[in-house]
Amino acid sequence: MTQGEAFTNPDGLAGLTAYDQTGEKIGSVEQIYLDDRSGRPEWVTVKTGLFGMKQSFVPLAGARRQEDQLHVATTKEAVKDAPRVDADQHLEPEQEHELYRHYGLERPADAVGGMGGGMRPGTGRGRGDMAGAGAGAGAGAGAGREFATRAGAEDRDRKRDEMVRSEERLRVGTEEETVGQARLRKVVVTEDVTTSVPVSHEEVRVVREPIREGEGTRARIGEEEAEVTLHAEKPVVRKEAVPVERVRLETEKVTETREVSDQVRKEQIEYDRAKGERGRDAKGENWRDRKQGPSH
């Protein structure tokens with residue numbers, strides 16, 4: 001469905017789900033605002049914020065309808081940061097101008113030329129169709145026409161003597177990525193262990209003791225043998241498995257500083273003085289506010 005066919009009937013917009021230009025859901029369409037002069041739908045309000053308690057104005061310029069979805073030509077962040085305007089009320093020209101400026105849009109030709117008088121809420125969810133209220137719409141247009149003419153003239157004068165200087169700035173963040181894996185495994189190795197253990201053994205030595213007179217020991221001459229049993233200790237090796245420690249892997253975050261370099265662009269303002277000399281304001285300062293002395 002084309003944009004013109006989709007937005008001819010305001011009743012078809014109420015209740016749609018609004019999505020931004022990247023496809024991210026914004027909220028449900030609540031009300032449609034019609035131009036006071038042409039009666040065309042120009043703005044819708046969409047429920048945003050926590051629990052959908054806030055209604056934000058979203059322009060229909062560049063929007064398209066796809067079944068029960070309304071895809072608008074702006075971002076969800078821009079909608080959330082839109083100027084706070086009470087819904088269910090007439091959208092005055094100065095409020096509409098503020099919304100156009102927020103979304104970076106040009107106002108329609110009839111409004112810039114002083115023909116527009118604001119926006120009125122049309123058919124919305126839970127509302128009757130106000131598009132047929134011709135007398136009320138005409139009164140609103142008449143009340144806002146004078147302001148729109150004056151605002152349009154001031155806006156044109158301001159645009160002739162000013163410009164916006166822009167520049168790029170680096171927005172540096174971090175993202176987490178996988179750089180490797182660490183594995184914990186157990187293997188068996190053999191090593192030589194030497195230790196000392198005391199061992200004892202028995203040795204034979206001859207002890208001679210003289211026999212004293214009167215001890216009553218009988219003398220006997222002949223062959224005889226005597227023996228003793230010798231003992232000795234020897235090392236005995238026995239192995240057993242015992243638990244000695246627990247080993248596990250842990251990760252810890254180490255923060256380091258890295259320099260990030262990139263190129264950014266910025267605008268410089270040049271201006272021509274009365275005698276054709278050219279000056280430059282590299283920092284975007286307002287050179288019109290500088291006091292210029294007379295040239296001699």
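Start by selecting R220 and E224: their side chains meet in a salt bridge, with N and O 3.9 Å apart. A salt bridge here is a side-chain nitrogen of Lys or Arg within 4 Å of a carboxyl oxygen of Asp or Glu. R220 is exposed, with a relative accessible area of 72%, and E224 counts as exposed too, at 67%. Salt bridges that share partners also join R165, E167 and R169 into one network.

Before you go on, note that this is a predicted model, in which local features need pLDDT of at least 70 and side-chain atom pairs count only at pLDDT 80 or more, while totals for chains, interfaces and linings use all residues. Residues are numbered from 1 along each chain as its sequence is written, and side-chain values use heavy atoms, leaving out hydrogens and water.

**Stop 1**

How many salt bridges does the rule give? The count comes to eight. E167 is partly exposed at 35% relative accessibility, and R165 is partly exposed at 26%.

Next, select R40 and E42, another salt bridge, where the closest N and O atoms are 3.5 Å apart.

**Stop 1: around E42**

E42 sits in strand 3; strands (E, at least two residues) and helices (H or I, at least four) are DSSP runs, numbered from the N terminus. Now show the neighbours of E42. Leaving aside residues within four places in sequence, E42 is in contact with Y33, D35, V58, P59, L60, Y100 and M119. Contact means heavy atoms within 4.5 Å.

**Stop 2: aromatic pairs**

Rings of Phe, Tyr and Trp (its six-membered ring) pair if their centres lie within 6.5 Å; planes under 30 degrees apart count as stacked, over 60 as edge-to-face and the rest as tilted. How many aromatic pairs are there by this rule? The count comes to three.

Select Y33 and F57. Their ring centres are 4.9 Å apart and their planes stand at 65 degrees, so this pair is edge-to-face. Y33 lies in strand 2 and F57 in strand 4, so the pair ties together parts that are 24 residues apart in sequence. Both Y33 and F57 are buried.

Then select W43 and Y100. Here the ring centres are 5.2 Å apart and the planes are at 70 degrees, so this pair is edge-to-face as well. W43 belongs to strand 3 and Y100 to helix 3, so the pair ties together parts that are 57 residues apart in sequence. W43 and Y100 are both buried.

**Stop 3**

Now show what surrounds V44. Apart from neighbours within four places in sequence, V44 is in contact with L13, V29, Q31, I32, S56, F57, V58, L60 and L70.

**Stop 3: back to the surface**

Select L170, V172, V260 and V264 and show the surface. They form a nonpolar patch with about 350 Å² of accessible area together. Patches are made of residues with over 30% relative accessible area and no salt bridge, with like charges joined within 9 Å and nonpolar side chains (Val, Leu, Ile, Met, Phe, Trp, Tyr) within 5 Å. Accessible areas come from the Shrake-Rupley method with a 1.4 Å probe; for residues, only the protein chains shown count as cover. V264 is found in the loop between helix 5 (134–160) and strand 8 (269–272), and at 43% relative accessibility V264 counts as partly exposed.

Finally, select A182 and E250. A182 is placed in the loop between helix 5 and strand 8 and is exposed, at 63% relative accessibility. A182 and E250 are 68 residues apart in sequence, and their C-alpha atoms are 9.7 Å apart in space.

Note on methods. Buried means under 20% relative accessible area, exposed over 50%, partly exposed in between (1.4 Å probe, protein chains only).
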